[in-house]
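Work through the exercises below with the sequence and the model open. Try each task before reading its solution.

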Amino acid sequence: PIEARSCLPVVGSDTLVPLVDGRTVPYANLDCAASAPALLAVAERVTATLPLYASVHRGAGYLSQVSTALYEASRQTIGAFVGARTDDVTVVTRNTTDALNLLAGCVPADADGRAGRVLVLDVEHHANLLPWQRSAGGATVLIGADSVAHTLDALRAELARAPYALLALTGASNVTGEYLPVADVVALAHEAGARVVLDGAQLVPHRRFSLAATGVDYIAYSGHKTYAPFGAGALVGRRDWLDAGTPYLAGGGAVRQVDLDSVSWGTAPARHEAGSPNVIGAVALAAACDALAALPAGTLEAHEAFLRERLVSGLESIDGIEVVRAWADAVDPVGVVTFSVVGHDPGLVAAYLSAEHGIGVRDGRFCAHPLLARLGYSAGAVRASVGVGTTHDEVDRLISALEIYLSEGPSAAYEIVDVCWTV
Ligand code: PMP
């Protein structure tokens, strides 16, 4: 097992936080699935770029030329990181939510003019559910089965029963870290004439992924979960739908020609990038992609598998804690683990971990209300998630804090931080 302190250095790993008893301790950030800390390499690249930034695609000055070149080079890196094929398009978005909403406006009608329908599972994050539900053709939400094998059977049967333009599937669940085997999913969707989009928000930061190698048609991901700051993400995939779909925002930069009563829209990616682009966000995300891509093959996966195994076996060794799983036979989930301290308010457990141990976790329903309801956790649960900067000490601190919580209880009545009921 890799016991290395971390597999890539992140900023803020030595941050001290106050405890309720007046002590300060190093912050244990076990909430990387919500937003991962920036890599040191990202901070360095951003710092080096700040003096250079100027308008992108909108100026003739030297710095505009530099910024435009940096932006376009970043686009190339952001697409290449997820194995974009030569003719794929990379649209720089704000995040995964933005990317999936954008694609929802591009699902074409069928040959008879009926708006394209989308198939989704009930395990999805709301970002990969709601855009399809309100898209022109709407969505069918398939209730997931209790195993990967049965879920694949259900998908196959539904794809044979009705025509779908698109299957929208999580790359890895933000609740359980589990995923379906992508090769099987692509084969059965393509056989039925449907394309596949992966919600890569929790996949891309944790696993090497390639559109070209898997045949997946589109992937969406977020910079702030991929060790870069907020504000940049991407939609990467096949050009035809993106060239023909509804421009995501109406405004400057997305057009070829505007008259008082008509507009000729450009092609992708410009078609979907109206407004001044986020050059620093794109540069930051590209720096994260470069740093992750430079890790020797398997390093990231081994680091995470080690931490996840330590976390899950620690949690399962404690009486009164249940680890949440959607599929009994899921293989090699990513480092996102949700658990319930049975009979205890998840908000209280999370507040206790923060106030008495300096450990940051997430509680609530994780923007996946249908899944939590089906699995019997409508009152929410607690999620611990690891990343490249996480150490085994941090995981061990969580396990021993939970043991103390269950044996001694909290030392104070905490104000429960109301972060989760709408999300
Ligand atoms: N999908 C999954 C699986 C996620 O975990 C998240 C973020 N929690 C999203 C989509 C949405 O990502 P963002 O908030 O960056 O748009």
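The radius of gyration is taken over C-alpha atoms, and the globule rule is 2.2 Å times the number of residues to the power 0.38. The model used here is predicted.

**Exercise 1. Overall form**

Task: Decide what radius of gyration a compact globule of 423 residues would have, and compare the protein chain with it.

Solution: 
- Step 1. Apply the rule to 423 residues: a compact globule would have a radius of gyration near 22 Å.
- Step 2. Compare. The protein chain has 22 Å, so it agrees with the rule.
- Step 3. Along the principal axes, the C-alpha atoms fill a box of roughly 70 × 55 × 40 Å.
- Step 4. Check burial. Of the 423 residues, 49% are buried.
- Step 5. Count the elements. The protein chain has 13 helices and 17 strands.
- Step 6. Look at contact range. Take contacts between residues at least 6 apart in sequence; 71% of them join residues at least 24 apart.

**Exercise 2. The ligand shell**

Task: Which residues come nearest the ligand, and how does its shell divide by class?

Solution: 
- Step 1. There are 14 residues around the ligand. N95, T97, N174, A201 and S222 come nearest.
- Step 2. Sort the shell. Ten residues are polar, three are nonpolar and one is charged.

**Exercise 3. Buried or exposed?**

Task: Classify N278 and T47 as buried or exposed. The cut-offs are 20 or more other C-beta atoms within 10 Å for buried, and 12 or fewer for exposed.

Solution: 
- Step 1. Count. N278 has 22 C-beta neighbours inside 10 Å, so it is buried.
- Step 2. List contacts. Leaving out residues up to four places away in sequence, N278 touches V92, G231 and A232.
- Step 3. T47 has 9 other C-beta atoms within 10 Å, so it is exposed.
- Step 4. Check sequence separation against space. T47 and I280 are 233 residues apart along the chain, yet their C-alpha atoms are separated by 9.6 Å. N278 and D243 are 35 residues apart along the chain, with 21 Å between their C-alpha atoms.

**Exercise 4. Backbone exceptions**

Task: Inspect the backbone at P269, D332 and C367.

Solution: 
- Step 1. Recall the rule. Most residues other than glycine have a negative phi, and most peptide bonds are trans.
- Step 2. Check omega. The peptide bond from A268 to P269 is cis, with omega near 5°. P269 lies in the loop between β12 and α9.
- Step 3. Check phi at D332. The value is positive, near 55°. D332 is exposed, with 12 other C-beta atoms within 10 Å.
- Step 4. Check phi at C367. It is also positive, about 55°. C367 lies in the loop between β16 (362–364) and α12. It has 21 other C-beta atoms within 10 Å, so it is buried.

Definitions and conventions. Residues are numbered from 1 along each chain as its sequence is written. This is a predicted model: local features need pLDDT of at least 70, side-chain atom pairs count only at pLDDT 80 or more; totals for chains, interfaces and linings use all residues. A residue is near a molecule or strand if its C-beta atom, placed from the backbone, lies within 6 Å of it. Ala, Val, Leu, Ile, Met, Phe, Trp, Tyr, Cys and Pro count as nonpolar, Asp, Glu, Lys and Arg as charged, and the others, Gly among them, as polar. Helices (H or I, at least four residues) and strands (E, at least two) are DSSP runs, numbered from the N terminus. Two residues are in contact if their C-beta atoms, placed from the backbone, lie within 7 Å.
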